[in-house]
Amino acid sequence: MTCGAYIAAMGIISALGTGTDSTFQALKRCESGLVSVDFFQLNRPEFPKVGMVRGTIKNTLPRTHELARIAAGQIMAQCSLVPDAVVLGVTTGGMLTCESLLKAKETDPALFQYHGLGTVAEDIAELVGCTGPAITVATACASGNTALTIALEMIRSGQAQTVLAGGADALCRMTCFGFQSLQVVDPAGARPFDQNRSGMSVAEGAGLLLLVSQRPENPVAQLSGGGLSCDAFHASSPHPEGNGAFDAMAKALDDAGITPEQVDYISLHGTGTEANDKAEAMAVNRLFNRNRPAASSIKGATGHPMAAAGAIEAVISALAVSKGIIPGNTGFSTPDPELNFIPVPGPIQKPVHRVLSNTFGFGGNNAAIVISETQNRTSGAWARDVKGGQEPKMGPMSVLGYACVTGAGTTAESLDAFYKGQSLAGMIPDKILTDLLSLKKVRRMKRFSRLMLALAVLAGKNISGISPASIIGGTGWGSLSETWDFLSRLFAGNEMSSSPIDFVGSVHNAALGHVAMELGAKGANITTTGGDASFEQALWTAGMLSQKDHAPMMVMGADEHHKDLSFRFDMSVVPGNTASDGGGALVLVPGAVPGKTTLTPRLFMKNDNNVPPQDALAGLIRELPEVNDRYGAVMAGIPRACAVRGKALADALPHAFSSSIPILDYRCLTGQFATAPAVAAVLAVDAIENNRLPDPHAPGQYIDLQDRGILLLGLGRYLTAVEVMPG
Amino acid sequence: MEKLISELKQKIVDTLGLMDVTPGDINEQDQLIGGPLGLDSIDVLEMVMMLENDYGVVIDNKELGETVFATLDSLARYVNDHGNRGS
């Protein structure tokens, strides 16, 4: 059996209550938490009820952050362990606050500093004292379970001993009006699997689990498996027969080392929409055949809290195991003859050993997890035993293909400019992107999705015969055009309605959903986000998952420049400077393939301004002791917003490395955008293959790499190191 | 009616971003959804919003939508009968 991770502590806040005890009591009473939203104005009196967290929530930070803080506070009250990493699923971040600011036409970037989805994980990391990676997963409604699956792999691979993982999202106009525009909100409140169901109830909340490799004193339960898949079928509708849902569930069971017969309870995604419930019922019936265990969706009680859904349901699944309860499918009364599927209508108290919990989202993203009872063992034999102080290294990934898009053009033009020492800053004309793609395909996509899809098509061109199953991509800011257009139309129309096409396109993972459809990639499909380290987050996620899947992946990073939003959100973007965007894509295969350039993630830690540069770099040197012989150059990414700190670190590098290693500040070439590191990775790979790098101090001259590698450093809010080595 | 049909053709092209289609390419009797234009359920919802904003026509259930959006001709007739304003 594959090892799992112990759940040492949990935190939860939802429409059902705050904390595990009140949630358990509410579940026992089969309560519904659906009410009318009261903290922002809905100009439609008939607007259906939502799953709102009741009571006063502080507003020091945006609501999503505050909800996550409440859940984290519950964990800190139970357990003093400081996590090595934080992995959260988030889809709205500071959106509620951002909406009000945009409505008031505010332009000061300082007011928008908590808008980014990644700022929730960064804030929680700060709160709990975590200085390791803070990874944010934005795979729409599948985000929570995807985050938990990544966290589990972090622990299994030994990258972390303790991970705080889960998801958080707050109600906002975007989700309320977005789902309304899709006509998938049930005016009577969600009634999952009921014959008369007509949609979901939009909701909010946060769920966090402290996962540990070594058995704690009183483990709640175990996270014993995770399965990720992509429908590669449609931007917002599930595969009609639930094929992707089936794959995710089957993978989760396999990953946990159990058979369908061993599952006692299925925590269903069950949103209450006609399409989801039908597809999920079909997939569950197919996987479990005639022996389906008890199953229910709690979304008639909690509503659908987006990225928090998987995390909240993971907490409830752990309660099911630890307290012996099968929650009822609140709202269900009439079986749907079309579904051949009757959920558990009311709560049942009985022993539960293993739970399968489902989440599915836009972009065809599916993520299922298995929560199991804790085996009666006294040592940590279930988790991989990592010897103290010996951090396991993430293995190399070999580069089979690559592409980039910059202000200079596509890959060939960008590389040409790079070697000539010319600027790559700027924005590629939209016409070049649409010429690469077909007009029919891109008509509903705006710039960010077009950039990502163009990158995937370009990177896929030189890898004939290889089909990446998994797509993992980072973006600092996602679909800015759709977000701006959706909110502009909403405000222009007196907050009554907005565009369903823009809503579907506004989610960060919309782009990778299109990439999956283009490439027929039905494996894991993960969008990571977190400002300037968004691409590095994707690379780390790929590194961890590759140790499990051993299959080719496409790892990407891109951002669009938006004239109204980029300068508000990204403090490195200054009006008047060259507006820049673009990205890079790499086709990677786990392990070192002879003759192929490799990428290896080496370091990901918080770049604390209070730590003197030489001390911060000491961690890097510890990680990379052979630096002088190993690398011929450093390519450093210094976001403009972190220029002082970044430059201090770059200046201290030669002393730390005891050598005058050439340092190329690549953002001087690419321009300022969050996923410039994805472009830099592509440039570095090409430079390794040519064994030379343009000399930053002498245009037209080259640095001879002498068959050594390049160290890619990120010197923003996180200190990251990726090595690119010749094959 | 003819004026309304040509107006709706232009609105469909603009609203749905049909970059490779001109209003003249849309045949009134062709199946609108799943037909030659490659439109699907999200496009229907986008058109629902446009009809509500521009003509005051409300289409809030799937069954009605299927009838109204069968062809451009059926759409124009419904807007003509139920719309409360031109645009």
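**Chain B, then chain A**

Mentor: This is a predicted model. In chain B, of the contacts between residues at least 6 apart in sequence, 57% join residues at least 24 apart.

Trainee: What radius of gyration does chain B have, against that of a compact globule?

Mentor: Chain B has 12 Å, which agrees with the value near 12 Å for a compact globule of 87 residues. Its C-alpha trace spans about 30 × 25 × 20 Å along the principal axes. Of the 87 residues in chain B, 30% are buried.

Trainee: How many residues of chain A are in contact with chain B?

Mentor: 15 residues of chain A are in contact with 14 residues of chain B. On the chain A side, helix H13 (439-442) and helix H16 (500-506) each supply at least two residues. H16(A) gives the most, with three residues.

Trainee: And by class, what is on that side of chain A?

Mentor: The side of chain A that touches chain B has five nonpolar, seven polar and three charged residues.

Trainee: Switching to chain A itself. Into which domains is it divided?

Mentor: Domain 1 covers 7-372 and domain 2 covers 397-725. Their centres, taken over C-alpha atoms, are separated by 29 Å. Between them, 49 residues of domain 1 of chain A are in contact with 49 residues of domain 2 of chain A.

Trainee: Which elements give two or more residues to the domain 1 side?

Mentor: Among them are helix H3 (95-103), helix H4 (118-128), strand E4 (134-137) and helix H6 (173-181) of chain A. The largest share, five residues, comes from H6(A). By class, the domain 1 side that touches domain 2 divides into 22 nonpolar, 21 polar and six charged residues.

Trainee: How many residues does the largest nonpolar core have?

Mentor: It has 269 residues, and those with the most contacts inside it are Leu211(A) and Leu455(A). Domain 1 (7-372) and domain 2 (397-725) of chain A both give residues to this core, so it lies between them.

Trainee: Next, helix H20 of chain A. Which of its residues are buried?

Mentor: In H20(A), residues 613-623, the buried ones are Pro613(A), Ala616(A), Leu617(A) and Leu620(A). Seen down the axis of H20(A), these buried residues fall within an arc of 90°, so they line one face of the helix. Asp615(A) and Arg622(A), on the other side of H20(A), are exposed.

Trainee: What covers the buried residues of H20(A)?

Mentor: The cover includes strand E19 (598-606), helix H22 (643-657) and strand E25 (718-725) of chain A.

Trainee: Last one, Ala320(A). Buried or exposed?

Mentor: Ala320(A) is buried, with 31 other C-beta atoms within 10 Å. Ala320(A) is found in helix H10 (residues 308-323) of chain A. Leaving aside neighbours within four places in sequence, its contacts include Tyr265(A), Ile325(A), Pro327(A) and Val352(A).

Key: Residues numbered from 1 in each chain as written. Chains lettered and ligands numbered in written order. Predicted model: local features only at pLDDT ≥ 70, side-chain atom pairs only at ≥ 80, totals over all residues. Domains from an automatic or database assignment. Contact = placed C-beta atoms within 7 Å. Helix = DSSP H or I, 4+ residues; strand = E, 2+ residues; numbered from the N terminus. Nonpolar A, V, L, I, M, F, W, Y, C, P; charged D, E, K, R; others polar. Rg over C-alpha atoms; globule rule 2.2 N^0.38 Å. Buried ≥ 20, exposed ≤ 12 C-beta atoms within 10 Å, placed from the backbone. Core = buried A, V, L, I, M, F, W, Y, C linked by C-beta atoms within 7 Å. Arc of directions from axis to C-beta.
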